[in-house]
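The sequence and structure come first.

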Amino acid sequence: MTEPAVPKFQWGQRVQALLDLYNDGTFPECPEETLLVREGDAGEIVQVGTHVESNTPVYMVEFAPNRVVGCLEQEIASV
C-alpha cells in the first residue's frame, strides 16, 4: 500500500479552474456531460480528501452556492 500524497492545496484556499469541468454523473440533478464549471471560474476549497484507490488528493471546491465539485490537482490552481 502506498502512502497518500501530500495535498498541494489547503482548506479555505481560493483556487480557479484550469479547464471546463463537466458532470461525470456525480450531480444527479444534472444530465451527464453538463458543464458545471468554466475554465477560469474561482472557488474555495471546502474539504480535502484522498481517493482511496490511487492515494491522490481530491479537493471539494465550492465554485458557487450549491455547486461543490470534486477536483484533482491538475484541474485547479491557486488564485
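In the hairpin of β5 and β6, 2 residues lie between the strands, and N66 takes a positive phi near 65°. The model is predicted: local features need pLDDT of at least 70, side-chain atom pairs count only at pLDDT 80 or more, and totals for chains, interfaces and linings use all residues. Residues are numbered from 1 along each chain as its sequence is written, and side-chain values use heavy atoms, with hydrogens and water left out.

**Hairpin**
- Strand β5 (residues 56-64) and β6 run antiparallel and are joined by 5 bridges; two strands pair if DSSP finds at least two bridges between them.
- Strands are DSSP runs (E, at least two residues), numbered from the N terminus.
- A64 has R67, in β6, as its bridge partner.

**Surface patch**
- V68 lies in strand β6 (residues 67-71).
- W11, V46 and V68 make a nonpolar surface patch of about 290 Å².
- V68 has a relative accessible area of 31% and is partly exposed, that is, between buried (under 20%) and exposed (over 50%), with a 1.4 Å probe and protein chains only.

**Cysteines**
- The count is 0 disulfides, a disulfide being a pair of cysteine sulfur atoms within 2.5 Å.
- C30 is in no disulfide, because its nearest cysteine sulfur, in C71, is 15 Å away, too far for a bond.
- C30 is buried at 16% relative accessibility, and C71 is buried at 1%.

Methods. Patch = residues over 30% accessible without salt bridge, like charges linked within 9 Å, V, L, I, M, F, W, Y side chains within 5 Å. Areas by Shrake-Rupley, 256 points an atom, 1.4 Å probe, with all protein chains shown as cover. Salt bridge = Lys/Arg side-chain N within 4 Å of Asp/Glu carboxyl O. Helix = DSSP H or I, 4+ residues; strand = E, 2+ residues; numbered from the N terminus.
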